[in-house]
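Biologist: I would like to learn how to read this model. Could we go through it together?

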Amino acid sequence: MRRKLIVLAVMAAIAAASGFAADRQKLVWLQWTNEPQQKAIDAVVAAFQAKYPIDIEFEFKPGSSEGENLVKTRIAANDMPDLLTYNSGSLFQVLNLEKNFVDLSNEPFASKLLDSFKSVVSAGKGFYAIPYQPIPAGGILYNKKVYAELGLKVPKTWKEFTANCDKIKAAGKVAVIVSYKDDWTAQLLFLADYYNLQAAYPKFAQDYTANKAKFATTPAALRGFEKIQEMFTKGYINKDPMATTYDNAQAMLANGEGAHYPMATWVLASINQNFPDKMKDIGFFAQPGDSADKNGVTLWMPTNISIPKTSKKIDAAKKFLDFFVSAEGLAAYMSVGAPDGAFAIKNVKMPEGLFPATKDAITYINANKTAPALEFLSPVKGPNLPQICVEAGMGLKTPAECAAEYDRDVEKQAKQLMLPGW
Amino acid sequence: MKRKIARLAVETVAVLLALAIFGVPISYVLTNAGKSSAAAAQMSIAPAANTQYLANFSSVIAQSSYMLIRAFLNSAIITIVSIAVLLGISSTAGFVLERRKGRGISWINFLVLAGLMIPPAVVPTIWVLKTIGLYKNMMGLVLVEAALAFPFSVLLYRGYMGSIPRELDEASFIDGCTGFDLFMKVIFPLMKPVSATIAIITSISVFNDFVNPLYFLPGSKNVTVQLTLYNFISTYLNKWNLLFADILLISIPPLIFFIFFNKKIVSGMVAGAVKS
């Protein structure tokens, strides 16, 4: 008898719980693991759940190419969640946006987003995603303490930069930290040089996509590889570059063993995790070009959130996107700490307590001295760029040879995309 | 005497080499699991100045609302059930394939071998699982794991069956056994060593599997232990100390398993090798 009662009580409890839960909708969000922004995202989700009768449940995917394969597989298997986090630009375009994702161009929040962001998540007439994190800026992170000790000034031209490097080297410190063990980091000097390339050759992205301009034959484009190699030939870089990891490099910069680290501002979350008390010593400047009045920063476009078409709760998912970019959502986002860059949303007031390096980067954005990285302007990006940049950075090949090799690498990609002119 | 010394020297070198090959990575994981995130990011083998094992372990366990505990439970269920399914199917299959002769049998043997040679495809498998309603379900993953290990297990069982004399079958039939009794009461108990080998080898490969759970068992509640490793690494941010602490925690079950059943693995592998 007693057992029966317990069973009945449990059943009643389950019924009550499920009845209660039935009023609330549930959205499933396929999210990257170990995101630097996860705390901020959790805060937004909590605020959203408090306001609407909608719950959000995370499913996690690895961030590497493993995660890309997973998303492609699940699209092929018609099994997508209600919300998806993904890279903007060419990686996102490959997913066939018009067929697989919900067009957001008629939503009320569409007008809030920066056009430069919308352009990298568009296909045909529609656009398909909202920005999920602040805008990362690519350039050179530097140690302010080292600069103060040696009495150096932030360089505006490449000449001033190398002059600073010479002084740092003479003082017995590493002038430029490179971390070729993680080969993707080798690309930064090359990719972040795009602002300078665009200043010298405004139509480069178009001509390059149309196969009219090449890295090997365009002197301004060749500069990227030359700059990487110059670090090596002038002896600015640390010893054992091939054994230095991304994490090692951050420690060298934070502890002042090295003065410069060519990187984008996405590294700040990681430095803040490991060296929170050193954040005040780290500053940022744009990669210098050849003339002081053309000095600006190359921007990456933020990762995005999109709604797959197969979702059965598109309206609820749209409500969440609307909330995410609303003033309320942004307030929740910033409630757990200052963001590490400017937002791709119009008229956002930045809070107090930004990292000094973030402030430096935002100065360029406010002065409108920015260019998007080439991968957001052209679908053509060769898969072997990291290795080619390492070859340039270790002096294994001349810049001209590297550029020629990269042009060949890019050709395969362009032919696969069946672009006209290739 | 001289020979003895030479042998001793060779043995010492071998032991030292084994220590270096296995000891260095394990001690690396052990030391780094107790460091702070800044110290572990340096990837050094030097011991930590101040260890924080307890803090690291508790934050690994608490990560993503105690995902690791659920993962251990899921992995244990998946491993145990797939072993049960696999042993049941492949032992009976091995028995029949070895005892029966004929044209049909050689075709079936070929199909089993084909299972070893042809790699499984992901999208069609998801489609099949969806059609039978087992996608995102632990039973679905159990079937996938059992199917993937099936060809190899059948080969082992067949090899071992060859060493069990046919006279036993005949004697059992004379004593009044049915075919089913013969298998359950006589053959299966005799195949214990090979069953143990298969159970150990596959349980470790299923427990350590990463790719299959990733593709065939999505869902926030369906995590397995290997998937928890990705909680601590991403492109721009890594928590190496917690990663190593997690590795340490999730390698405990297979380690215990190996220590206890080590002898059985070797005896089972060799058991079917020589036909009498």
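Biologist: How many residues of chain A are in contact with chain B?

Modeller: This is a predicted model: local features need pLDDT of at least 70, side-chain atom pairs count only at pLDDT 80 or more, and totals for chains, interfaces and linings use all residues. Residues are numbered from 1 along each chain as its sequence is written, with chains lettered from A and ligands numbered from 1 in the order in which they are written. Here, 26 residues of chain A are in contact with 24 residues of chain B (contact: C-beta atoms, placed from the backbone, within 7 Å).

Biologist: Which element gives the most to the side of chain A that touches chain B?

Modeller: That is α14(A), with five residues. The elements giving two or more residues are β2 (54–61), α3 (65–76), α13 (246–254) and α14 (267–274) of chain A (DSSP runs numbered from the N terminus: helices are H or I, at least four residues; strands are E, at least two).

Biologist: And how do strands pair in a sheet?

Modeller: Strands pair through backbone hydrogen bonds, either parallel or antiparallel. In chain A, five strands form an open sheet of mixed pairing, ordered β2-β1-β3-β12-β6 (two strands pair if DSSP finds at least two bridges between them). β2 and β6 (129–131) of chain A are the edge strands, each pairing on one side only.

Biologist: How many bridges join β1 to β2(A)?

Modeller: Eight bridges join β1 (residues 25–32) of chain A to β2(A), and the two run parallel. Within β2(A), A:F58 stands opposite A:W29.

Note on methods:
Contact = placed C-beta atoms within 7 Å.
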